[in-house]
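Welcome! Please take a look at the sequence and the model below, and keep both at hand for a few exercises.

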Amino acid sequence: RTVHPLLARRDLTLAYAVLWLALGGALVYLERLPAAVASVVIPLVLAFGFICLTPWYLCQRFPLRSTPVWRPPLVHLLVALISASLWALLAHALLVTLATPPPGTSFVNLESAMFGRAVPVFLLSSVLHYLAIAVDASRVAEMRAATAQSLAAQAELRALRAQLTPHFLFNSLNSISALTSADPPAARRMCLLLGDFLRGTLHLSSLERIPLGQELALVDQFLAIEQVRFGARLTVERSIAPEALVIAIPPLIVQPLAENALRHGVAQRLDGGTVSIEARVEGDELVVAIENPVDGPPRPRTGRPAVGLDNVRRRLEAGYGRVGQLRVGGDTERFRAEIRLPAIRSKESA
């Protein structure tokens, strides 16, 4: 940047000038200067205020980290001495030309005092500029880190979402394969329902958020597909609060829970069972839970965890951080998977 930040904005430049005019008035008061001398000294102090902006350029030319440790202090000290000397000479010329010293005095003492104050003030300005540049660099680094983290989270979400469709198709095609020999008409009907389901998810899966009502409609389509395979072995109970239907959620975040409930619950029982779907708003949280029957205590898994549940957990962590959770648990008869995330109304529903 070639322009000092204070000079890039008119309001900041004006505030800075007012500050130095006030400092000039303070100097006049401390030195008990007459009005004629004050009319010269105050503009001189204002001019030195703008001279004190030059360390900003020196700080960029001689950064602390990439130059020998002795060079920046030496450079700033030399520039401070030169600037203070030239400013004192200017003050002498203007005072001698435009003002008359009080009887029995001269301007030498005043000029010496001005020089003695100018050097440390210039060096203080150098320190403040180094601090300002360091703070600005830290802020830029934080912004870049936050941007990189956001891009990484978005990339992870896209990868996780892309993982869902092959996983669901794999399970569905296995089901169709099992039906082709036992019940060919059911297999054909399942293929048609699967095509409708995939067409319905094509648009929604490309969105960042959808209303819960649309997600539950996808779950109903999925259950209709699985109903062909399970028949009377599968029953579904729903307890959906109307206010929960308009809450925004990531697409295909509930469907894996329903798939897990069928694959590891209903499908493992000869008499099938009932899958319960519940959605409600608790304070500022949306709670969506799916329960399924199980036979006895859960058996420990070997190998990699369930793809569906692992995918949901990672998507919630990437999209919501600590406020998005997947809780699983249960007893010897029922297994429960529960999603909790912020209850933010969907723009589409509005």
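This is a predicted model: local features need pLDDT of at least 70, side-chain atom pairs count only at pLDDT 80 or more; totals for chains, interfaces and linings use all residues.

Residues are numbered from 1 along each chain as its sequence is written, and side-chain values use heavy atoms, with hydrogens and water left out.

**Exercise 1. Find the order of the five strands in the open sheet.**

Step 1: Strands (E, at least two residues) and helices (H or I, at least four) are DSSP runs, numbered from the N terminus. Two strands pair if DSSP finds at least two bridges between them.

Step 2: The order is E2-E4-E5-E7-E6, with mixed pairing. At the edges are E2 (234-240) and E6 (325-330), each pairing on one side only.

Step 3: Look at E5 (residues 285-293) and E7 (residues 334-342), which pair in the antiparallel sense over nine bridges. Here Pro293 stands opposite Arg334 in E7.

Step 4: E6 and E7 are also antiparallel, over six bridges, and a hairpin joins E6 to E7 through three residues. In this pair, Leu326 stands opposite Ile339 in E7.

**Exercise 2. Describe how H2 and H3 pack.**

Step 1: Two packed helices are described by the angle between their axes and the distance between the axes. Axes are lines fitted to C-alpha atoms, for helices over the stretch in contact, and angles run from 0 to 180 degrees between N-to-C directions.

Step 2: H2 (residues 10-31) and H3 (residues 35-51) pack at about 135 degrees, with axes 8 Å apart. That makes H2 oblique to H3 (under 35 degrees is roughly parallel, over 145 roughly antiparallel, 65 to 115 roughly perpendicular, and the rest oblique).

Step 3: With contact meaning heavy atoms within 4.5 Å, the residues of H2 that meet H3 include Tyr16, Trp20 and Leu27. On the H3 side, Val41, Phe48 and Phe50 are among them.

**Exercise 3. Classify the ring pair of Tyr16 and Phe50.**

Step 1: Rings of Phe, Tyr and Trp (its six-membered ring) pair if their centres lie within 6.5 Å; planes under 30 degrees apart count as stacked, over 60 as edge-to-face and the rest as tilted. By this rule there are five aromatic pairs.

Step 2: The centres of Tyr16 and Phe50 are 5.7 Å apart and their planes stand at 75 degrees, so the pair is edge-to-face.

Step 3: Tyr16 lies in H2 and Phe50 in H3, so the pair ties together parts 34 residues apart in sequence.
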